Amino acid sequence: MNFGVLVFPGSNCDHDCAHAVSEGLGQDVRLIWHHDTSLEGMDAVIVPGGFSYGDYLRTGAIAQFSPIMEPLKLFAAKGGLVLGICNGFQILLEVGLLPGVMMRNRDLSFICEDIYVKVENATTPFTNACQSGQILKLPIAHAEGNYYTDPVTLSSLQANAQIVFRYCTVNGQTAPEANPNGTLDNIAGIRNAAGNILGLMPHPERCAETVLGNQDGLLLFRSMVDAFTGVHTS
Amino acid sequence: MKAKIHVTLKSGILDPQGRAIQQSLATLGFSTVKDVRVGKFLEIELGDTDQTQAESQLKAMCEKLLANTVIEDYRYEIETSNPSTTP
């Protein structure tokens, strides 16, 4: 399977993502500079975390007009798998591939810590290697992870099982005290209606091998490979 | 021709920065301050263009890039440059 990892000026998780996919799962991976205009041959594209364009104006606001974004929109429209992580999620929101916006964290602080998320939908191409309701320990590192959308869109996300990850306690309670940043409905990650695009704030690539002390993140990348190769067809 | 653009959070959207500033002002003794909203201010030099074209350009700029209209409102003023007559 061929993974592409987009690289913007200010991306800093691009190599981590490439490492997780190549070393962790033995897949082919290519870093794709944001000025490139082709995603030919790619089976999945990861929009990595970091601080694209220094977060100028709004997080992800400038990156949405990079030349690679038009090919990415076409790739997504054809059903290609797109995974946006942290700043990558923010970029997917700005470009309109996922609904909603990211606001400053409730307490204004940059939060860098391990948190727990509950897998609310284990039938997506990004979570099929997880159990429904499984609790994953993943690191977050962001100042703008406070997801917001209008009530109509929120209802539709809820009704269509588009909320894929919710922040939870170690015991899996999606309670207010497990909400690190003020995000609506404890949302940590959502997918689009078609199901081929996922954005999440936690960093699976930072916990994808034993030497890092946690392999929970590898489940997401493994799910993508399984979905592509047809291991999980449900 | 120069434009001044204000981008502000829509009313009803929680503004944690504004709230922090309000609390800070209260600590300084400005306890009657009821609300603080933080926004962005941009000055754009448009070059040679007429009023109608400038307005449609500014609207497009705000809608496409300068504001995220899910949570932000924008407004702009256009200043036509009147070269001052030198004595």
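1. Chain B and chain A bury about 1300 Å² between them, 69% of it on carbon and sulfur atoms; buried area is the accessible area (1.4 Å probe) lost by two parts on being put together, summed over both. B:Pro16, B:Leu65 and B:Asn68 supply 35% of the area that chain B buries against chain A, more than any other three residues.

2. This is a predicted model, in which local features need pLDDT of at least 70 and side-chain atom pairs count only at pLDDT 80 or more, while totals for chains, interfaces and linings use all residues. Residues are numbered from 1 along each chain as its sequence is written, chains are lettered from A and ligands numbered from 1 in the order in which they are written, and side-chain values use heavy atoms, with hydrogens and water left out.

3. The contact (heavy atoms within 4.5 Å) takes 15 residues from chain B and 13 residues from chain A.

4. One salt bridge is counted between the two chains, the term meaning a side-chain nitrogen of Lys or Arg within 4 Å of a carboxyl oxygen of Asp or Glu. A:Arg58 forms a salt bridge with B:Glu72, with the closest N and O atoms 3.9 Å apart.

5. On the side of chain B that touches chain A, the elements giving two or more residues are α1 (16-27) and α2 (51-66) of chain B; helices are DSSP runs (H or I, at least four residues), numbered from the N terminus. The largest share of that side, four residues, comes from α1(B).

6. Just after α1(B), B:Gly29 takes a positive phi of about 110 degrees.
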